[in-house]
Amino acid sequence: METWNGLCCSTLRMELDTLSSPDDSNIPDNQKFFPKSRIRSLFSYDQVLQLLQCSCHQCFIIRNIISPRAPAYHKLASRIVGNPNGSRSAKRTYILILAILLCIGSPALIIGFLQRDSGDPEIEEDLEKFTSDYTQQTFWPKLREIKPFWSKTFGDRFRWKKYNFVVPTIGHEIFSLYSESVVLPFVEQRRIGHVEPDGTVVSEGAYGHTYAFKILEEYDAISVRICNLGLEQDDG
Ligand SMILES: [Zn+2]
């Protein structure tokens, strides 16, 4: 029998919301990202253990649909946070997946990902594969069958929110092309170019805007700290 242990997923969701970067209220939420190091600091083993047993109405119903028998929560929590000093398989984590699910209001769905051994390495390897249809039919087929509206809502939210949590590491490539949905781990970004007397920045050169930025250290695989790249094409 499940017991209430004092932590509700909505409390942790509010904490998660404060972890996005850059810390600038002028930047829309959909252009911000959640650094993995901050997510890791939020999800201690104890927090995850409590979150898995959240007794809010929604978590309770989802858990009962996708895992009618109460699983061994302590084992699931260990797998989610991983063991950095363990074997290769013990090192794998599910914290990015759990953060996305917490953000979209359904952390209990993490059980479906654990059942399929599909964690952070899988979503980092192929982010585009995790479409709304794919997540629904792969990780919560029973929920899709019993509560199709919930299933579609979570699938659609997952499909969009994943970009704010799974962010590419910037490597040595001279030129990189990303899908427009990808959120890049940039901070202190500003547009550069010819500056008009009124302070307006006007693009120089052809067909592109140019920005200066810093790459958040944990996503920086190159030694040059400030780069200039054409990131955004003009409309016409
Ligand atoms: Zn809950």
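Which residues in H3 meet which residues in H5?

**Entry 1: ground rules.** I noted that residues are numbered from 1 along each chain as its sequence is written. The model is predicted, so I kept in mind that local features need pLDDT of at least 70, that side-chain atom pairs count only at pLDDT 80 or more, and that totals for chains, interfaces and linings use all residues. Helices (H or I, at least four residues) and strands (E, at least two) are DSSP runs, numbered from the N terminus.

**Entry 2: H3 and H5.** I looked up the contacts, where two residues count if their C-beta atoms, placed from the backbone, lie within 7 Å. Tyr 45, Val 48, Leu 49 and Leu 52 in H3 meet Tyr 73, His 74, Leu 76, Ala 77, Ser 78, Ile 80 and Val 81 in H5. The axes of H3 (residues 45–52) and H5 come within 9 Å and cross at roughly 130°. That angle makes H3 oblique to H5. Axes are lines fitted to C-alpha atoms, for helices over the stretch in contact, and angles run from 0 to 180 degrees between N-to-C directions. Angles under 35 degrees count as roughly parallel, over 145 as roughly antiparallel, 65 to 115 as roughly perpendicular and the rest as oblique.

**Entry 3: H7 and H12.** I found H7 (residues 95–103) packed against H12 (residues 148–165) at about 125°, with the axes 9 Å apart. H7 and H12 are therefore oblique to each other. On the H7 side, Leu 96, Ala 99, Ile 100 and Cys 103 make the contacts, and they meet Phe 158, Lys 161, Lys 162 and Phe 165 in H12. I then checked burial (buried: 20 or more other C-beta atoms within 10 Å of the residue's own; exposed: 12 or fewer; partly exposed: in between; C-beta atoms are placed from the backbone). In H7, 9 of its 9 residues are buried. Their cover includes H1, H2 (36–42), H5 (73–81), H8, H9 (120–125) and H12. After H7 comes Gly 105, with a positive phi near 95°.

**Entry 4: H4.** I listed the buried residues of H4 (residues 57–66) as Cys 59, Ile 62, Arg 63 and Ile 66. Seen down the axis of H4, they fall within an arc of 100° (taken from the directions from the helix axis to the C-beta atoms), so they line one face of the helix. An α-helix has 3.6 residues a turn, so residues three or four places apart point the same way. The cover over the buried residues of H4 includes H1 (9–17), H8 (110–115) and H11 (141–146).
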